[in-house]
Amino acid sequence: MSDEAKNEAKKAELTALQAALAAEHAAVYGYGVVGGRIAGARRSEARAAWDAHRARRDALTREVRDLGGQPVAADAAYALPFPVPDSAAAVRLAARLEERLAGVYADLVRAAAGARRGSAAGALREAAVRAVRWSGESVAFPGLAERAAEGTGAAGTTAGTTSSASASATP
């Protein structure tokens with residue numbers, strides 16, 4: 001592989017890592033909303049997901065730095081895709097967060113190599129499993145079907161957006 005090809009691959013991997021980090025920032029925020037509205041029976045499940053996403057966010061921050069990038073910062077707040085007045089809406093939001101994360105991690109699997117690719121595949125699997133737990137429904141190819149239906153790219157962004165705010169404005 002030429003040096004130019006290696007640089008392009010590194011750039012693509014860093015871009016995918018930044019998108020995953022932006023999506024994890026949005027997920028941490030979104031699970032804060034979920035935790036405030038979820039019924040007691042599922043509160044521990046929401047807390048476990050929140051903890052998992054915080055840990056993933058921190059790991060992605062380190063990985064971005066390891067590749068020489070400046071980690072994208074979290075926004076102060078994110079626009080929710082719909083109102084979350086009660087537990088049922090909180091469950092729908094949790095499912096939506098995980099579906100979007102699956103799309104982002106599918107992009108990272110495609111862009112990464114080696115151990116990072118394996119880690120991204122694991123994150124994709126975890127997001128898909130959590131999405132099924134929250135929604136009760138599954139898709140054949142998690143991370144791909146959701147994006148095709150929305151006409152969006154990584155983290156639910158529309159083509160051409162680049163800022164962390166637009167990359168994760170609707171968790």
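Predicted model: local features only at pLDDT ≥ 70, side-chain atom pairs only at ≥ 80, totals over all residues.
**Entry 1: helices H3 and H4**

I noted that the crossing of H3 and H4 is left-handed.

I then listed the residues that meet. From H3 they include Val-91, Leu-101, Tyr-105 and Leu-108. From H4 they include Arg-117, Leu-124, Arg-130 and Trp-134. Several alanines also take part, among them Ala-94, Ala-95 and Ala-102 in H3, and Ala-120, Ala-121 and Ala-127 in H4.

**Entry 2: helices H2 and H4**

I turned to H2 and H4, whose axes lie 12 Å apart and which pack at an angle of about 160 degrees. H2 and H4 are therefore roughly antiparallel to each other. The crossing of H2 and H4 is left-handed.

On the H2 side I found Arg-42, Glu-45, His-53, Arg-56 and Glu-63 among the residues that meet H4. On the H4 side I noted Arg-116, Glu-126, Arg-130, Arg-133 and Trp-134, among others.

**Entry 3: helix H2 itself**

I checked the length of H2, which runs over residues 40–66 and has 27 residues. From its first C-alpha to its last, H2 reaches 40 Å, close to the 39 Å expected at 1.5 Å a residue. After H2 comes Gly-68, whose phi is positive, near 90 degrees.

Which residues of H2 are buried? I found Ala-46, Ala-49, His-53, Arg-56, Leu-60, Thr-61, Glu-63 and Val-64. I recalled that an α-helix has 3.6 residues a turn, so residues three or four places apart point the same way. The buried residues of H2 pack against helix H1 (3–37), helix H3 (87–111) and helix H4 (114–135).

Leaving out residues up to four places away in sequence, Ala-20 touches Leu-60, Val-104, Tyr-105 and Leu-108.

**Entry 4: Leu-14**

I located Leu-14 in helix H1. How far apart in space are Leu-14 and Leu-108? From C-alpha to C-alpha I read 9.0 Å, although the two are 94 residues apart in sequence. Leu-14 touches Val-64, Leu-67 and Gly-69, again leaving out residues up to four places away in sequence.

**Entry 5: the whole protein**

Finally, I looked up the overall composition. The secondary structure comes to 6 helices and 0 strands. Read along the sequence, the pattern is α-α-α-α-α-α. Of the 171 residues in the protein, 44% are buried. Among contacts with a separation of 6 or more, 77% join residues 24 or more positions apart.

Conventions
Residues numbered from 1 in each chain as written. Heavy atoms only, no water. Helix = DSSP H or I, 4+ residues; strand = E, 2+ residues; numbered from the N terminus. Expected span 1.5 Å × (residues − 1). Buried < 20%, exposed > 50% of the residue type's maximum accessible area, 1.4 Å probe, protein only. Contact = heavy atoms within 4.5 Å. Axes fitted to C-alpha atoms, helices over the stretch in contact; angles between N-to-C directions. Parallel < 35°, antiparallel > 145°, perpendicular 65-115°, else oblique. Left-handed = near helix turned anticlockwise from the far one by under 90°.
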